[in-house]
Amino acid sequence: MPSLIAHFLRGFAMGSADLVPGVSGGTVALVLGIYRRLVLAIRTGAGALSALVRFDFATMMDRLKKVEWAFFIPLVIGILAAVAALSHLIESLLENHPIRMAGLFFGLVAGSIVVAWRLIGRRDALRIGVLVVAAAVTFWGLGFSAGTVDDPSWWMFLGGGALAICAMIL
């Protein structure tokens, strides 16, 4: 029972981070030391869905049995609880205290960069080069101005949703 509560709280922390612009629940999972377990659970579950699409029910059941449900379910419930409980609060704080919230978000992003930097085992020229190129592309991409889209097509929603899910995990 204590581990279920701990997994719920970890999920709550991840969901809280997902509500913060620029901070990823995946980063929180990395900091909490559960990232590999999360990715393994998602990969195993995706394998079950893949088997279902192929109508390979035996493989699907085998993959479903391998998912660490006692870890995954409380984590997902925690993520959903955080989103439900905090989304209005974050929206209100963004509207009423934009400068303080921008400072908070900047601090969270800077902190996640420090954590990720510490997790890099080897800091050779290739990794530092990739880091510099990724930073430059991100800086350049952030310079685009947003425009109004009155009636986006379905594929825009699909693509935006796919990118958002990837960002939550990465």
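**Reading salt bridges**

Mentor: Let's start with Arg 127, which counts as partly exposed at 37% relative accessibility. Keep in mind that this is a predicted model.

Trainee: Why does 37% make Arg 127 partly exposed?

Mentor: Because the partly exposed class lies between the cut-offs, under 20% for buried and over 50% for exposed. Arg 127, at 37%, falls in that class.

Trainee: Which residue forms a salt bridge with Arg 127?

Mentor: The general idea comes first: side chains of opposite charge can pair when their charged atoms come close. Here the partner is Asp 124, with 3.2 Å between the closest N and O atoms. Asp 124 is partly exposed too, its relative accessible area being 28%.

Trainee: How many salt bridges does the structure hold?

Mentor: Three. One of them joins Arg 37 to Glu 68, whose closest N and O atoms are 2.4 Å apart. That pair links distant parts of the chain, 31 residues apart: Arg 37 belongs to helix H3 (residues 35–53), while Glu 68 lies in the loop between helix H4 (57–66) and helix H5 (69–96).

Trainee: Where do Asp 62 and Lys 66 sit?

Mentor: In helix H4, four residues apart, so about one helical turn separates them. Asp 62 is partly exposed, with a relative accessible area of 37%, whereas Lys 66 is exposed at 57%.

Methods. Residues numbered from 1 in each chain as written. Predicted model: local features only at pLDDT ≥ 70, side-chain atom pairs only at ≥ 80, totals over all residues. Heavy atoms only, no water. Salt bridge = Lys/Arg side-chain N within 4 Å of Asp/Glu carboxyl O. Helix = DSSP H or I, 4+ residues; strand = E, 2+ residues; numbered from the N terminus. Buried < 20%, exposed > 50% of the residue type's maximum accessible area, 1.4 Å probe, protein only.
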